[in-house]
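Here is a short report on one protein chain.

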Amino acid sequence: PFLDDSGIPFQFIAIRFDITERKMFEERLRKSEQDLIEAQKIAKVGSFEVDMKNRVIMLSSVAMMILETTDGIILLDDYISRIYKRDIINFRRVVNVVTKEPKEMELEYRIFVKNDNSLNNYQNNIKYVLCKVKSIFEKGVLLKIIGTIQDITDRKNFERELIRAKDIAENAARSKAEFLAMMSHEIRTPLNGVLGMADLLTNTKLNVEQEEYVETIKQAGSS
């Protein structure tokens with residue numbers, strides 16, 4: 001503003017910028033981000049970033065949904081403590097590799113989504129996840145680890161049901177084969193006696209009709 005001798009503004013100079021294009025771009029970007037989040041929800045794929053210096057994990061909204069947590073930042077050690085015991089060794093192996101050199105790796109493991117990891121609540125609290133990670137280095141120094149986490153619990157349950165159905169079918173087929181083998185043996189034993197008697201009858205004096213009967217018995221028993 002320009003002021004007169006009494007300090008009262010009497011004139012203004014203003015510069016006006018058209019930011020319509022920038023606002024439209026920001027809106028498209030916001031929509032794209034929202035579409036990506038929705039797509040991640042459908043695919044059950046979340047993303048995360050690991051700060052190894054402070055040992056914390058920063059989660060996306062979908063990753064939070066998968067892990068059933070309201071915390072966007074969780075401690076790395078707390079996360080590891082929730083991993084199923086039999087899977088921790090492989091998890092630590094992957095972490096050990098990617099923290100030493102730039103590397104992309106993936107790992108399937110089970111994790112308890114709640115603090116209660118007792119056997120009584122195993123089925124309700126545990127999830128199978130597929131984790132893909134990539135370590136970022138700068139001048140030989142590890143900056144961060146980025147990755148995705150996907151809920152594959154439904155797939156694992158389906159695979160387990162397929163294996164169970166296959167085992168049931170194989171057991172049924174095995175039982176059927178054993179039953180038929182047993183029945184064949186049980187039938188063959190007395191049948192051999194009948195066939196033996198038929199052979200004896202052929203050495204006796206028979207009329208034409210009786211000979212036909214005996215031959216029928218022998219052919220039926222041999223078929």
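The lining of the second largest pocket divides by class into nine nonpolar, one polar and three charged residues. The model behind these values is predicted. In this pocket, 13 residues form the lining. T69, I74, D78, Y79 and R82 lie nearest its centre. The space in the second largest pocket is about 180 Å³. Strand β5 (73–75), helix α3 and strand β6 each supply at least two residues of its lining. The largest share comes from β5, with three residues.

**The largest pocket**

The largest pocket has a volume of about 330 Å³. Its lining has 23 residues, and V50, L76, F91, V95 and V133 are the closest to the centre. The lining holds 20 nonpolar residues, no polar ones and three charged ones. Several elements take part: β3, β4, α3, α4, β6, β7 and β8 each give at least two residues. Helix α4 provides the largest share of this lining, five residues.

**The whole chain**

Now step back to the chain. The protein chain contains seven helices and eight strands. It has 223 residues, and buried residues make up 25% of them. Take the contacts with a separation of 6 or more: residues 24 or more positions apart account for 44% of these.

**The core**

How many residues does the largest nonpolar core have? The largest nonpolar core has 28 residues. Those with the most contacts inside it are F48, I57, L59, Y79, Y109, V133 and I149.

L59 is worth a look. Leaving out residues up to four places away in sequence, L59 touches S47, F48, M64, L67, T69, D71, G72 and I74.

**Aromatic rings**

A pair of aromatic rings is described by the distance of the centres and the angle of the planes. This structure holds three aromatic pairs. The ring centres of Y79 and F91 are 6.2 Å apart and the planes lie at 45°, so this pair is tilted. Y79 sits in helix α3 and F91 in helix α4, 12 residues apart, so to speak of this pair is to speak of a link between distant parts of the chain. Both Y79 and F91 are buried.

F91 also pairs with Y109, and this pair is edge-to-face. The centres are 5.3 Å apart and the planes make 75°. Here the pair links F91 in helix α4 to Y109 in strand β6, 18 residues apart. Both F91 and Y109 are buried. Ring pairs join Y79, F91 and Y109 into a cluster.

**Three single residues**

L75 is found in strand β5. Is L75 partly exposed or buried? L75 counts as partly exposed, because its relative accessibility is 45%. Leaving out residues up to four places away in sequence, L75 touches R55 and V56. The C-alpha atoms of L75 and N54 are separated by 8.6 Å, and the two residues are 21 apart along the chain.

Most residues other than glycine have a negative phi. E68 has a positive phi of about 55° although it is not a glycine. E68 lies in the loop between α2 and β5. With 41% relative accessibility, E68 counts as partly exposed.

K139 also has a positive phi of about 55° and is not a glycine. K139 lies in the loop between β7 and β8. K139 is exposed, with a relative accessible area of 84%.

Methods:
Residues numbered from 1 in each chain as written. Predicted model: local features only at pLDDT ≥ 70, side-chain atom pairs only at ≥ 80, totals over all residues. Heavy atoms only, no water. Core = buried A, V, L, I, M, F, W, Y, C linked by side-chain atoms within 4.5 Å. Buried < 20%, exposed > 50% of the residue type's maximum accessible area, 1.4 Å probe, protein only. Contact = heavy atoms within 4.5 Å. 1 Å grid on protein atoms, 1.4 Å probe; cavity = no way out; pocket = protein on both sides within 12 Å on 5 of 7 lines; lining within 4 Å. Points joined across faces, edges and corners; volume = space filled by probe spheres on them. Helix = DSSP H or I, 4+ residues; strand = E, 2+ residues; numbered from the N terminus. Nonpolar A, V, L, I, M, F, W, Y, C, P; charged D, E, K, R; others polar. Phe/Tyr/Trp six-rings, centres within 6.5 Å; stacked < 30°, edge-to-face > 60°.
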